[in-house]
Amino acid sequence: MNPSDIRVFGFGGAGCRFADALAAATGGRLAVWAADTDFSALSALANVPKTCTHVIGDTYFGNGSGGQVSAVRAKALAETEKMRAALDGVSLAVAVAGLAGGTGAGALPVFLETARERNVRTLVFAVKPFRMEGVERLRAAATAAQSIASLGDVRVFPSNDDLAGASGQTTLVEALGRASARLVEGLALFWRLCADPGFLHLSAESLSSIATEGRGEAEFAVAEAAGPGRLEAALSELWDAPGLGLRRRSSGARAALVGVIGGDDLLLSEVGAVSRSFETSFPASFPLRLSTVSDPSADGSLRIVAFLFRNWQSAEREEAEAAEAARQAGISESRPGERQDPLVDARGRRMPGRFDSVAGTFVGGENLDIPTYIRRNLRIDAT
Amino acid sequence: MTSDLVSVLEVGTTRTALLAGRAAEGGGIEVAAFAEQETTGMRKGCVAEPDYVARAVRTVRETAETQLRGGEIVDAALVCSLGETSCEPIRGEVPVSGEDGRVDDEDVRRAREALAAEVPSVPGRHVLGDAMSLFFTLDGNNEEVREPRDMSAGKLAMHGMALSVNEDAWDLLCDSVARGGLNVNFELFSGIAAAVGCLSPQKMEDGTLCLCLGGGTTCWCAYRRRHPIAAGAIPVGGDHVTNDLLSAFRPGSALLAGRLKTEFGRADPDAVDPASRIQMPQDVGGTGRTVGERAVAQVIHARLDETLRLVKADLESRGVLPWLGGGVVVAGGGALMPGVDALVSRTFGAPCEHARLNTGIPELDGRPELNAAIWGGLCKAIRNQRREAARNAAGGVKGFFRKLFSQEGEKE
């Protein structure tokens, strides 16, 4: 997989603006696609090629969704061919949307289902509204979050309050701008981990593997500092910043992906200090994937982007090698990520399972009634 | 002189059992009847087919009554987890109003009331047995006090634990039990019952996790300083192992998958020779087939490992893991799986041992993993009966503490 196989998909007003800003932040190198019900908003996107935009639902005349999540979903379901076409050649889809409105909440689940059908890895950023937006929008966002709880590979649910790191003295304009900027900055840094050269380069294949191993919810943080004392300042922001600070969100984390971006003056000790800050915060067995990017234009500054995964299943490489000739008895070989009814054999006959008559057990977005070995992509020699 | 008969009913996903006994002279327990029956109407700890559950309850009741030689069992304490049980610490605090600033009976009574007032009332949730009072603290100190009377303090706080289950599931279970001819007069979380049944007083003091690997649910209770510090349940259990085997190896039915699990299952694939093969259980007339023993163990290990990590995650979130110096004690049918203790030990980083009972009843002591919860339930129910009798004899307010558990940690 090449970095060009990664694409950002923005849904709804907020998602499309994020996608547009990401395209600008990466100098157009990061492919983006934007879908909205508001034709005017789509037209205003300066950095997304018009061929990479899509108006959902002609009958709305492109005037927005009016917050009608169900209607947007119905329209999106009727237009999945557009999504499939946009997913051609994509191995990792980064989906971004705001959850409080209608378009993002309605279209995002449809997109994630479509991506799953096509075996495309997904990284989801579903942004929750500011608390000051009121109970109705918060409730709508919570409902939307629930609808994607079992979709997508890695799901991040930052709130605008956390992204803005706002205090009582922050103006509304500042908060809106900072929230948007922090998310765009973090996603751009994340993409650069595999697009730009570095000593500990994050290959696209590694990224895909991480999306599989870390399937579930994740936390996200970004930090940047420059000049003398940049290391301490960046680490302080990474761990203790209001809102996105990892320290108060690290409980229950099972693995981390950390990217360090610096210029030619990036010190070995600085990278080591970043790594140590995670090692001292988590148990010795805590999986830590570290990546670095060298950017001469970043001389003098230090940037860190981090993901904390709440679920983690290391790839069982020994079983994978031994299971090269293995297959599930009676089932055609399935690729990782493909969801099949585990009790249906090659002839289409379904064996009654123990939990057919009861509701599923969902923990962390996963249906635990689905066999663990399937959800962990373990190849079992059942012959 | 013995007390009245006390009965405990355990309705599990795999087994329904009823144990009846009396408080004996000298503080012991005299077991009067024990009956068990396979359960078929439960899934993941909840009632899926009420008729089948009612039938199982009726069967064990009638069998136990036969053992009592004509005695009748009308009421029973109910031991259950109902798939998912959540645990919330609660605290009620009152100013000390006793003379000279010393805690007196009235202060203790008010503290219990304050604790009861803190029991959460969440729509759709039923709190088991109301508040469970655990210990006291004085003036906001962290030091736990078991008997605060006559101690000087400005404020007295009573700490407790509220365990809640899904209300609909609870109502359905009680209805099924009623249709089986029993009235529920006492409610007890199976994780705590198992801990009371198999943890020694020293283990309760040191900090020990009792982990019950049941057929439909996995429940747990951690004890320290002789009272629970964490408890919970998730609707994942041995049935999930069976279902995983059914999916992976297609033995033909869930029944055969269950036999594959019980006859050949192991939780430690690394201990299995990769070349070892086992004969798949089959129905009469079925064609024999072999499968790799290690593959079976891999499927089982994956499920059990995931389940244990979920338990561990809960305990980690509560900050309980560092306090488990006494290790882990496993109970439930899942504890019988070879290799489980090693897996548990590795997951929690603590020594693991199997539950043991010393009731004097061979039917109970012979299978301690399966009977720890029901035995512990009987212990608690009789203890509760003794306390109520003592309060009534002392002229206390009759029934005032009826729905409140007394302080935990005292073992029969």
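## Interface between chain A and chain B

Between chain A and chain B the count is 3 salt bridges, a salt bridge being a side-chain nitrogen of Lys or Arg within 4 Å of a carboxyl oxygen of Asp or Glu. Arg375(A) pairs in this way with Glu306(B), with 2.5 Å between the closest N and O atoms. On the side of chain A that touches chain B, helix α13 (residues 372–375) of chain A gives the largest share, 4 residues; helices (H or I, at least four residues) and strands (E, at least two) are DSSP runs, numbered from the N terminus. The residues of that side divide into 19 nonpolar, 6 polar and 9 charged. Here Ala, Val, Leu, Ile, Met, Phe, Trp, Tyr, Cys and Pro count as nonpolar, Asp, Glu, Lys and Arg as charged, and the others, Gly among them, as polar.

In total, 34 residues of chain A are in contact (heavy atoms within 4.5 Å) with 32 residues of chain B. The size of an interface is often given as the accessible area lost when the parts come together. Chain A and chain B bury about 2,700 Å² between them, 53% of it on carbon and sulfur atoms; this buried area is the accessible area (1.4 Å probe) that the two parts lose on being put together, summed over both.

## Basis of the model

This is a predicted model, in which local features need pLDDT of at least 70 and side-chain atom pairs count only at pLDDT 80 or more, while totals for chains, interfaces and linings use all residues. Residues are numbered from 1 along each chain as its sequence is written, chains are lettered from A and ligands numbered from 1 in the order in which they are written, and side-chain values use heavy atoms, with hydrogens and water left out.

## Nonpolar cores

A nonpolar core is a set of buried Ala, Val, Leu, Ile, Met, Phe, Trp, Tyr and Cys residues joined through side-chain atoms within 4.5 Å. Buried means under 20% relative accessible area, exposed over 50%, and partly exposed in between (1.4 Å probe, protein chains only). In the largest core, of 83 residues, Phe11(A), Phe125(A) and Phe220(A) touch the most other members. Helix α8 (residues 172–195) of chain A contributes the largest share of this core, 11 residues. Apart from it lies another core, of 72 residues, which includes Val6(B), Ala77(B), Val177(B) and Val196(B).

## Salt bridges within the chains

Over all chains the structure holds 44 salt bridges. Arg192(A) and Asp196(A) form one of them, at 2.6 Å from N to O. Arg192(A) is buried at 13% relative accessibility, and Asp196(A) is buried at 7%.

In chain B, the side chains of Arg109(B) and Glu113(B) meet in a salt bridge of 2.8 Å, N to O. These two residues are about one helical turn apart, because they lie 4 residues from each other in helix α2 (residues 105–117) of chain B. Asp270(B) and Arg294(B) form another salt bridge, with their closest N and O atoms 3.4 Å apart. Asp270(B) belongs to the loop between α7 (254–264) and β15 (277–279) of chain B and Arg294(B) to helix α8 (residues 293–317) of chain B, so the pair ties together parts that are 24 residues apart in sequence. Asp270(B) is exposed, at 70% relative accessible area, whereas Arg294(B) is partly exposed at 27%.

## Positive phi values

Asn119(A), a residue other than glycine, has a positive phi near 60°. Its place is the loop between α5 (103–117) and β5 (121–127) of chain A.
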